[in-house]
Amino acid sequence: MDLKTAAYTLLRANRRTTRDGYQYTVPSPSTYPYQWLWDSCFHSIVLAKLEPDAAIAELRSLLSRQDEDGLIPHMIFWRPKLTRPYHVWWEKGVSSITQPPMIAYAAWEIYEQTGRTDFLREMFPQMLAFYMYLIQERDPHDHHLISIINPDESGEDNSPRFDLAMRVKSNISFFGHMYKRHQLVTMNRTCGFDPLTCMHERFWVKDVPFNSILVKNLERLAQIADVLGEVEAKKFATLHRDLIKFTMREYLMGEGVFWSAIGLEHGHLKVATWAHFAPLFAGIYTPEEAKALIKNHFNNSETFRSEFGIRTVSKKEASYRSNGFWRGPIWFAPHWFIYKGLKDYGFDEEAKWIRDTSVTLIETHGFREYFDPETGKPYGAHNFTWGTLVLDMLES
Ligand code: GLC
């Protein structure tokens, strides 16, 4: 079976339909049997080219459980019976936190493939409400940097980037970390997830990939608003894209790269992760800075570059574990974000390398969740959908 057929077969096999007719794709039938926010956006990006109606259905189902305040939950538990550890997040059938806001990007991909505006019009008010929620509720002091209130909101559940903010040691175990994140949800629940009262003593991180993804998505939201003739919304999206981009450069840059920051003072969380590369996705580095980044970090085998792909954590970090969930291994979503950024900046050779290593991992091991950068060994979920993003790399 060729790669395209295999990827499409996997997406079809993982597709689920709910009793009320919503359709979504589970990231992995056994390990991740619900709907996840950024995963659904990834699915839509790939499906946009293969089966646009399914791509639209996936986003529709994602929006169906949006909170009144605009938050799109990071998980929707379509099945009433929950398995551990997911019960912790449970809040009336959905999770109470969010995930990287990729929905405008995914919707734009579908529009580009189909030229359809009906679904854009249908979804626009809800998409706008989500971005307004992030800008208003997650930045109550108008710092123009959006905060996440739990590492899970970054999509990189136990990345060492958050160790200091989580008050955990760099050798913490997988389950020890999960317990801490669950505690955080429980504590935030007691203050009703209100940023102003939760933020001071708990977890309040201006995350680089999250803000970079937001910047790119505000750009896409502005383009969608333009197509729909939504003049005020276009101004809103463009203004905040520029403000966040500017503030990221002002407060999150140091030594030529970007660092996530903590609290109201923007103290840098100095753990070198793939977050250094994420701003490429949103065009936040100047061309000269990007060139230095590629030379010093991307092509550096002592830190990020391995035979099998880009490490999510620099090998030089004390917290680096080649087999530790988000603490070093290669994952396809970071690969895809980096690929897109590299292409935009014209680093075609490096982009091709990312694409080729991704294809090799799938051809060797199938659609697994993450990979050891030192040995190429696959880990985690089977039939995991993120590998299907290589189709987008192969066609763009
Ligand atoms: C893991 C990943 C997260 C993803 C989820 C479902 O928790 O860390 O980013 O959304 O699995 O695939």
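**The ligand and its surroundings**

In this predicted model, an oxygen atom of the ligand sits 3.0 Å from an N or O atom in the side chain of Trp38, a polar contact being a pair of N or O atoms within 3.5 Å. Taken alone, the ligand exposes 310 Å², and the protein buries 96% of that, with accessible areas taken from the Shrake-Rupley method with a 1.4 Å probe. An oxygen atom of the ligand also lies 2.6 Å from an N or O atom in the side chain of Asp39, and a polar side-chain atom of Asp157 is placed 2.7 Å from an oxygen atom of the ligand.

Because this is a predicted model, local features need pLDDT of at least 70 and side-chain atom pairs count only at pLDDT 80 or more, whereas totals for chains, interfaces and linings use all residues. Residues are numbered from 1 along each chain as its sequence is written, and side-chain values use heavy atoms, with hydrogens and water left out.

The residues that surround the ligand, each with a heavy atom within 4 Å of it, are Pro27, Tyr32, Trp36, Trp38, Asp39, Gln99, Gly155, Asp157, Trp326, Phe384 and Trp386. This shell divides into 7 nonpolar, 2 polar and 2 charged residues, where Ala, Val, Leu, Ile, Met, Phe, Trp, Tyr, Cys and Pro count as nonpolar, Asp, Glu, Lys and Arg as charged, and the others, Gly among them, as polar.

Turning to the secondary structure, helices (H or I, at least four residues) and strands (E, at least two) are DSSP runs numbered from the N terminus. An open sheet of 4 strands runs in the order E5-E6-E9-E10 with antiparallel pairing, and two strands pair if DSSP finds at least two bridges between them. Strand E5 (147-148) and strand E10 (267-268) stand at the edges with a single partner strand each, so one side of each is left without a neighbour in the sheet. Strand E6 (residues 205-206) pairs with strand E9 (residues 261-262) in the antiparallel sense over 2 bridges, and Val205 has Ile262 as its bridge partner in E9.

Helix H9 (residues 208-228) has 21 residues and reaches 30 Å from its first C-alpha to its last, close to the 30 Å expected at 1.5 Å a residue, that expected span being 1.5 Å times one less than the number of residues. Of its 21 residues, 18 are buried (under 20% relative accessible area, with a 1.4 Å probe and protein chains only), so H9 is largely enclosed by the rest of the structure. Just after H9, Gly229 takes a positive phi of about 70°.

Technical notes
Buried < 20%, exposed > 50% of the residue type's maximum accessible area, 1.4 Å probe, protein only. Polar contact = N/O pair within 3.5 Å; in protein donor to acceptor, adjacent residues only side chain to side chain.
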